[in-house]
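Visitor: I've never read a protein model before. Could you walk me through this one, feature by feature?

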Amino acid sequence: MLLSSLILFAMVASFGVISHRILIDNFESQSDAQHQRYVKEAEGLIEQTAQDLHQLAGLTPFLQGMDSALLASSGKNITSAFDLHWASLQLHNNIHLVRFYDKSNQLLASWGTPEPDAHKENDAILKWVRYVNDREQPLSPLSCAENCMQYAVEPLLVAGKSVGVIVLGTSLAGAVLGFENIAGADIGLLIQEQGSAPAGNGNAMRVPGWNARVAALTNSERNLAILNQVAQEYPNLDSLENGVQLAWDGRHQQIKQLPLRGISAATGSRLIVITDITSTVNAIRSSTQQNIVIGLLGLMLSEFLLFII
């Protein structure tokens, strides 16, 4: 009888463990599928940002006064003509940088504030300009050296004639913040800083535990506190690649990195998603407890039957 009881107990325990493992596996499978959807949605937002920039670049020669200024390759004339449109592009199209280059890759005119590391940025832009001038094919580079910027490098055509290259740049912060409206999850863009001293704006949001600056973050007040807590428990930022979980204010949060082209550890930037998984965690606990109760009742019933037999 003792042997039978031990066998029944082992079966009940195994049933509880297996059931719990199945629930966890299902959760991880659903989480991976959701993560892949997030990646596609984020890539779609970045791609749309690049397409909007290229569309603006193609329309630039048709702005008032721009055709003759571009044909003359006159920096003074380009400045006079484009000054009329710069404020509107900043306000309505969120453009942060505009540069005009001639066919010899010489800078003719520019608008916007350069990156803190201006020399590094200028070298990268000039490399793109040379490529586009040589091949007359547009580029859509993404740079996260300091602040993640999406660029459009486009050949300038006036009356069918190639007259140079235009470079447009916009911060990815707007696209990142738009992710919440589409995916229904919070998202943040982290830029790892070099050294221990804060770079750029000293008033910027930071996560000291990761030595990272927050370039964009939805629901920033709550999520910045969450990220700082995660950084204390997981000081290695690479932990986010596989995802981590945190109990916060009675809720369960999952924080995981989105692997995107141009936004990765190699570039010093990370795009992370913060998902509330409280309902899933509670469902797993409830199902596990229910299975344990059913198993124990079954064990008690079996023991009773064995006893009366």
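**Reading the fold**

Guide: Start with a helix on a sheet: helix α3 (residues 75-93) lies across β1 (97-101) and β2, at about 25 degrees to β2. This is a predicted model, where local features need pLDDT of at least 70 and side-chain atom pairs count only at pLDDT 80 or more, while totals for chains, interfaces and linings use all residues. Residues are numbered from 1 along each chain as its sequence is written, and side-chain values use heavy atoms, leaving out hydrogens and water.

Visitor: Where do names like these and that angle come from?

Guide: Helices (H or I, at least four residues) and strands (E, at least two) are DSSP runs, numbered from the N terminus. For angles, axes are lines fitted to C-alpha atoms, for helices over the stretch in contact (heavy atoms within 4.5 Å). The angles run from 0 to 180 degrees between N-to-C directions.

Visitor: In what order do the strands of the open sheet sit?

Guide: Two strands pair if DSSP finds at least two bridges between them. Here the order is β2-β1-β5-β4-β3, an open sheet of 5 strands with antiparallel pairing. The edges are β2 (107-112) and β3 (142-143), each pairing on one side only. β4 (residues 149-158) and β5 (residues 161-171) share 10 bridges, and Val153 has Val167 in β5 as its bridge partner.

Visitor: Which way do the side chains of β1 point?

Guide: In a regular strand the side chains alternate between the two faces of the sheet. In β1, Leu97, Arg99 and Tyr101 point one way, and Val98 and Phe100 the other. All of these are buried (under 20% relative accessible area; exposed is over 50% and partly exposed in between, with a 1.4 Å probe and protein chains only). β1 has antiparallel partners on both sides: 5 bridges to β2 and 5 to β5. Leu97 stands opposite Gly112 in β2, whereas Phe100 stands opposite Ile166 in β5.

Visitor: Is Leu53 buried or exposed?

Guide: Leu53 has 2% relative accessibility, so it counts as buried. It is found in helix α1 (residues 2-59). Leaving aside neighbours within four places in sequence, Leu53 touches Ile95, Gln150, Tyr151, Ala152, Leu168 and Thr170.

Visitor: How many residues does the largest nonpolar core have?

Guide: A nonpolar core is a set of buried Ala, Val, Leu, Ile, Met, Phe, Trp, Tyr and Cys residues joined through side-chain atoms within 4.5 Å. The largest has 24 residues, and Phe179, Leu189 and Leu258 are among those with the most contacts inside it. At least two residues each come from α1, α5 (173-183), β6 (186-192) and β11 (269-276). Apart from it lies another core, of 22 residues, including Leu70 and Phe82.

Visitor: What meets Arg270 in a salt bridge?

Guide: Side chains of opposite charge can pair when their charged atoms come close. The rule for a salt bridge is a side-chain nitrogen of Lys or Arg within 4 Å of a carboxyl oxygen of Asp or Glu. By this rule the count is 5. Arg270 meets Asp238 at 2.8 Å, N to O. This pair links distant parts of the chain, with Arg270 in strand β11 and Asp238 in the loop between α6 (220-233) and β9 (244-248), 32 residues apart. Arg270 is buried because its relative accessible area is 4%, whereas Asp238, at 36%, counts as partly exposed.
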